[in-house]
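Good morning, and thank you for joining this group meeting. Please take a moment to look at the sequence and the model, and then we shall go through them together.

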Amino acid sequence: MNDEGVVAEIIPHHRPDSWEMFDATAYRSIFSDHPVMFAGQLFYDASHSPGGGPDRAAVWEVHPVYAIWVCQHTSLSQCPADKQNDASVWLPFDRVRAANHLNVQPTTKCVNNP
């Protein structure tokens, strides 16, 4: 059970094109060791319960997501949230691909579920 998970829903409406391949394999190595920060509306989803499916720590969600940043560092202590506008600390998601020279290809899930 994932008792630390918090849901952040990237809805398909009005999202940047760069977010279309958020779950692409090329990003996995970045996401596995770099903190990722989501900003958006806090939403209480009473249809879920902590520990329920999908695994989650709370029934609160970030929904919809308005912004995504990826920290340039691997340590959370080097990634203060109040530095989201400092590109030496946080990089907007739409710049992660180029900054890390990633060859991003759409997954089957991305292609089949736009």
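Let me begin with a question: does Tyr44 count as buried, partly exposed or exposed, and what is its relative accessibility? Please keep in mind that we are looking at a predicted model.

Tyr44 is found in strand 2. Its relative accessibility is 47%. Buried would require a value under 20%, and exposed a value over 50%. Tyr44 therefore counts as partly exposed.

The protein chain contains three helices and four strands. Followed along the sequence, these elements come in the order β-α-β-β-β-α-α. The chain has 114 residues, and 32% of them count as buried. Its accessible surface comes to about 7200 Å², and carbon and sulfur atoms account for 52% of that area.

Is Met37 buried or exposed? Its relative accessible area is 14%. Because that value is under 20%, Met37 counts as buried.

Which residues does Met37 touch, if we leave aside its neighbours within four places in sequence? The contacts are Ala67, Ile68, Trp69, Ala81, Gln84 and Trp90. Met37 and Pro92 are separated by 55 residues in sequence, yet their C-alpha atoms are 9.5 Å apart in space.

My last topic is the covalent link between side chains. How many disulfides does a search of the whole structure find? The search finds one. This disulfide joins Cys71 to Cys79, with an S to S distance of 2.0 Å. The angle about the S-S bond is -85°, and the link is left-handed. Both Cys71 and Cys79 are buried.

To summarise, we have seen a partly exposed Tyr44, a buried Met37, and a disulfide between Cys71 and Cys79. Thank you for your attention.

Methods: Residues are numbered from 1 along each chain as its sequence is written. This is a predicted model: local features need pLDDT of at least 70, side-chain atom pairs count only at pLDDT 80 or more; totals for chains, interfaces and linings use all residues. Side-chain values use heavy atoms; hydrogens and water are left out. Helices (H or I, at least four residues) and strands (E, at least two) are DSSP runs, numbered from the N terminus. Buried means under 20% relative accessible area, exposed over 50%, partly exposed in between (1.4 Å probe, protein chains only). Accessible areas come from the Shrake-Rupley method with a 1.4 Å probe; for residues, only the protein chains shown count as cover. Contact means heavy atoms within 4.5 Å. A disulfide is a pair of cysteine sulfur atoms within 2.5 Å.
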